[in-house]
Amino acid sequence: MRNIISTGNEEIDRQFGGGIPSPSLVFIEGAHGTGKSAISAQIMNGLLTTKKSLLCVIENTVKQHIQKMKSITFNFSKPFVRSQLIFVPMYIKNAKWSEKNTERILPAIKQFILEKIDKVDGVVIDSISPMVNNSKNESILDFLSFCKEIVAKGKTVIITSHSSDFSDATNTAVIGTADVYLKLGTVVVGDREVKTLKIIKLLGAADTPEAGFAFEVDLIFGIKIVPVSMANA
Ligand SMILES: Nc1ncnc2c1ncn2[C@@H]1O[C@H](COP(=O)(O)OP(=O)(O)O)[C@@H](O)[C@H]1O
Ligand SMILES: [Mg+2]
């Protein structure tokens, strides 16, 4: 049984047809700077507000990540201090990942999540890029089934990925496996560039979701939907 979790942003909830279905496997794909971290932070915001606890694998240090999120209106300090939000930095001081090492990241992260999963309601991986760069398709597909198993246990999994992370075949499998698949991009409207979010897949929405929307990441208001026809996006 899926619940619909509000993101805490009414406009975005409406676009998603009520909110984000949970438990679910959510993928957010996009190039650098398209707003993957911002959109995942918005969804995390909703989960944290409903008292869910999250394990969040990040690319930066905890301090850098909290500061960056704060600069775009998401304040994760409180849930972090209360251990409602546990950060796992992928960044390891002075460590250089060799090709052989990077192959081992995905299984290592899987093992780590497995050890902690009973203590949390959800897992966020922002982003999966450094883990899959040198991974074999097989290993990625194995990780996908692992994510699906976690979702079957009632957890929500959010993964952000770069458009070039997966081969075409793997990407088809990813979209097939996902409950929610969001594709981010940018579009130039007149003299300004806005971000776009296309809802490729959204299983279990309360109402019929929109096809997508355009948005800006505003330093005061956070994610702000801008009225742009998606026909051009
Ligand atoms: N400190 C900041 N100052 C101004 N804009 C910011 C700041 N941090 C993020 N942004 C805005 O948020 C957008 C999305 O960033 P982010 O969610 O980190 O993208 P991604 O995770 O896809 O790389 C950036 O393109 C930028 O417009
Ligand atoms: Mg990011």
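**Whole chain**

In this predicted model, residues 24 or more positions apart account for 70% of the chain's contacts with a separation of 6 or more. Count its secondary structure: 8 helices and 11 strands. The radius of gyration is 17 Å, close to the 17 Å of the globule rule for 233 residues, so the chain is as compact as a globular protein of that length. Along the principal axes, the C-alpha trace spans about 45 × 40 × 40 Å. Now colour by burial: 39% of the 233 residues are buried.

**The sheet**

Select the strands next. An open sheet is formed by 9 strands, with mixed pairing. Walk across it in the order β5-β4-β6-β7-β3-β8-β9-β10-β11. Neighbouring strands are turned by 25° against each other on average, direction ignored.

Zoom in on β6 (residues 122–126) and β7 (residues 156–161). These two strands run parallel and are joined by 4 bridges. Pick I125: opposite this residue, in β7, stands I159.

**Around ligand 1**

Move to ligand 1 and show the 13 residues around it. The most comes from α2, with 3 residues. Finish by colouring the shell by type: 4 residues are nonpolar, 7 polar and 2 charged.

Technical notes. Residues numbered from 1 in each chain as written. Chains lettered and ligands numbered in written order. Predicted model: local features only at pLDDT ≥ 70, side-chain atom pairs only at ≥ 80, totals over all residues. Near = placed C-beta within 6 Å. Nonpolar A, V, L, I, M, F, W, Y, C, P; charged D, E, K, R; others polar. Rg over C-alpha atoms; globule rule 2.2 N^0.38 Å. Buried ≥ 20, exposed ≤ 12 C-beta atoms within 10 Å, placed from the backbone. Contact = placed C-beta atoms within 7 Å. Pairing = 2+ DSSP bridges. Axes fitted to C-alpha atoms, helices over the stretch in contact; angles between N-to-C directions.
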